[in-house]
Amino acid sequence: QVHLVESGGGLVQAGGSLRLSCAASGRTVSSYGVGWFRQAPGKEREFVAAFTWGNENTYYGDSVKGRFAISRDNAKNTVYLEMNNLKPEDTAVYYCCAAPPGSPWASGSWGQGTQVTVSS
């Protein structure tokens, strides 16, 4: 079982930046798919960015392309989400998920989330 802890959220003005961290324990996630998702009040959970399992390719949701970057430090068993040029519509709780090879996100391990609030 993988245990995930997100950190780095906070309040930032529009145009600012934040870096979120997702620290994994219990298992090494270097071969897992690891992704970031977010959920704003009253909205469904939305895909933000991910490494898919088995390769180092990265994928981004359309609303964050060119502004967000996902990276990983396998030595620290940690995945990051660098968020630049933040907009009020980026306000949400951000979750990370780690899914074993071949498994869908829904069956992966999820963190407790970290709040990001962007003021206009």
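**The core and its strands**

Author: From the N terminus on, the elements run β-β-β-β-β-β-β-β-β-β-β, which comes to 0 helices and 11 strands (DSSP runs, with at least four residues of H or I for a helix and at least two of E for a strand). This is a predicted model, where local features need pLDDT of at least 70 and side-chain atom pairs count only at pLDDT 80 or more, while totals for chains, interfaces and linings use all residues. Residues are numbered from 1 along each chain as its sequence is written, and side-chain values use heavy atoms, leaving out hydrogens and water.

Now to the core itself. A nonpolar core is a set of buried Ala, Val, Leu, Ile, Met, Phe, Trp, Tyr and Cys residues joined through side-chain atoms within 4.5 Å; buried means under 20% relative accessible area (1.4 Å probe, protein chains only). The largest one here has 28 residues, and Trp 36, Val 48, Phe 68, Leu 81, Met 83 and Tyr 94 have the most contacts inside it. Two or more core residues come from each of strand 3 (18-25), strand 4 (33-39), strand 5 (46-51), strand 7 (68-73), strand 8 (78-83), strand 9 (92-99) and strand 11 (114-119).

Beyond its neighbours within four places in sequence, Val 48 is in contact (heavy atoms within 4.5 Å) with residues including Trp 36, Tyr 59, Phe 68, Leu 81 and Tyr 94.

For the chain as a whole, buried residues make up 42% of the 120 residues. The C-alpha trace spans about 40 × 25 × 25 Å along its principal axes.

Note on methods
Buried means under 20% relative accessible area, exposed over 50%, partly exposed in between (1.4 Å probe, protein chains only).
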